[in-house]
Amino acid sequence: MERLLRDSFLFLSKNRILTKLAKRYGLRFGASRFVAGETIEQAAAIIKELNQKGLAVTIDYLGEFVKTEREANEMVNQSLEAIRRIGREGLDSQLSLKLTSMGLDISDELVMNHMRRILSVAKENGVFVTIDMEDYSRCQKTIDILKRLREEYDSVGTVIQAYLYRSQKDIEELDSYEPNLRLVKGAYKEAAAVAFPDKKDVDDNFRKIIKQHLLNGHYTAVATHDDAIIEYTKQLVQEKGISLNQFEFQMLYGIRPERQLELALEGYKMRVYVPYGMDWYGYFMRRLAERPANVIFVLKGILKK
Ligand code: FDA
């Protein structure tokens, strides 16, 4: 039942008509629990609140199905505006973005040009940029582009998904680039030919890649809401004498906010991923796919109206 629900929401997340409709009608159906607003002003207010509570942030301007150069250019402008705002207001925030929103489905060179614009302004403002990892069909391209960017810029990293069989090899191949990586379980629907179908195998591999990247000596963001993985990381860093400055925990905005605060109070660096923008639908569907309790929360919200 849980898998059926998950697959249905992941299927819905790719629906272009619903994506367009959602954009037109604004944040609805309880999406504001997971999305910080439609504008940078609203997002900046949320960042300030989180910063005041001792939480760091990574901000993401949402954009799905970017198919034209004009649309990609608009995404770049929004990201530049966010970076400048972070710099101007001294917010404790990084930036996250998706390469499809930079034009990955149009051409690699367009993406490189867009990323150079973003990373130059990010450097001026001291803002680190993480390239989110999308579905498997874009994984190799994303890693290739990261490698090229790392030759020119320090403050850029990407995400490795534990559900992919290739993840350990990717970390090994990225080792010489000394990358700052965010490690996650993986949020897309992938075939058994490329990804572990069973949750237990994903969790086991998640532990393996956390250990691998930390012991390689590189900065590691463990992005999960799973207490078992958090405990594993805490024990590992203690056992291996890994400094608090070499890793952080990350969680999504609106998910386990109390746990986020607890970890920060325990002295760990805790970063919250804060998405904003009109294009909230696909992101919202992926969150519903992750957890039936999220769906119940949304249904309760709708019934109350
Ligand atoms: P999972 O969903 O398996 O949950 C494990 C356990 O955590 C649950 O059993 C429960 O105990 C606890 N839990 C989870 N949600 C809870 C809740 N709402 N309340 C209480 N307990 C809860 N994916 C991707 O493919 N590419 C990417 O670039 C990113 N980027 C990214 C950034 C950040 C900051 C995060 C946190 C996540 C991502 N992801 C991602 C998403 C990621 O791949 C994954 O889909 C989600 O994080 C869900 O997996 P968890 O590790 O949280 O565990």
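## A lysine in a loop

Let's begin with lysine 67, which is found in the loop between β1 and α4. (Helices are DSSP runs of H or I with at least four residues, strands are runs of E with at least two, and both are numbered from the N terminus.) What you're looking at is a predicted model, where local features need pLDDT of at least 70 and side-chain atom pairs count only at pLDDT 80 or more, while totals for chains, interfaces and linings use all residues. Residues are numbered from 1 along each chain as its sequence is written, and side-chain values use heavy atoms, leaving out hydrogens and water.

Is lysine 67 buried, partly exposed or exposed? Its relative accessibility is 39%, so it counts as partly exposed; buried means under 20% relative accessible area and exposed over 50%, with partly exposed in between (1.4 Å probe, protein chains only). The side chain of lysine 67 makes a polar contact of 3.1 Å with that of aspartate 105. Such a contact is a pair of N or O atoms within 3.5 Å; within protein, one must be able to donate a hydrogen and the other to accept it, and residues adjacent in sequence count only if both atoms are side-chain atoms.

## The barrel

Now for the big picture: the chain has twelve helices and eight strands. Eight strands form a closed barrel in the order β1-β2-β3-β4-β5-β6-β7-β8, with parallel pairing. Two strands pair if DSSP finds at least two bridges between them. For example, β4 (residues 156–161) and β5 (residues 181–184) run parallel and are joined by four bridges. Across that pair, valine 159 stands opposite arginine 182 in β5.

Helix α4 (residues 69–89) touches β1 (56–61), β2 (93–97) and β8 (270–276), where a contact means heavy atoms within 4.5 Å.

## Around the ligand

Which residues come nearest to the ligand? Of the 23 residues around it, they are Gln161, Gly186, Thr224, His225 and Glu290; a residue is near if one of its heavy atoms lies within 4 Å.

Glutamine 161 has a polar side-chain atom 2.8 Å from an oxygen atom of the ligand. Arginine 182 also shows up here, with a side-chain N or O atom 3.3 Å from a ligand nitrogen atom. For lysine 185, a side-chain N or O atom sits 2.9 Å from an oxygen atom of the ligand.

Definitions and conventions: Axes fitted to C-alpha atoms, helices over the stretch in contact; angles between N-to-C directions.
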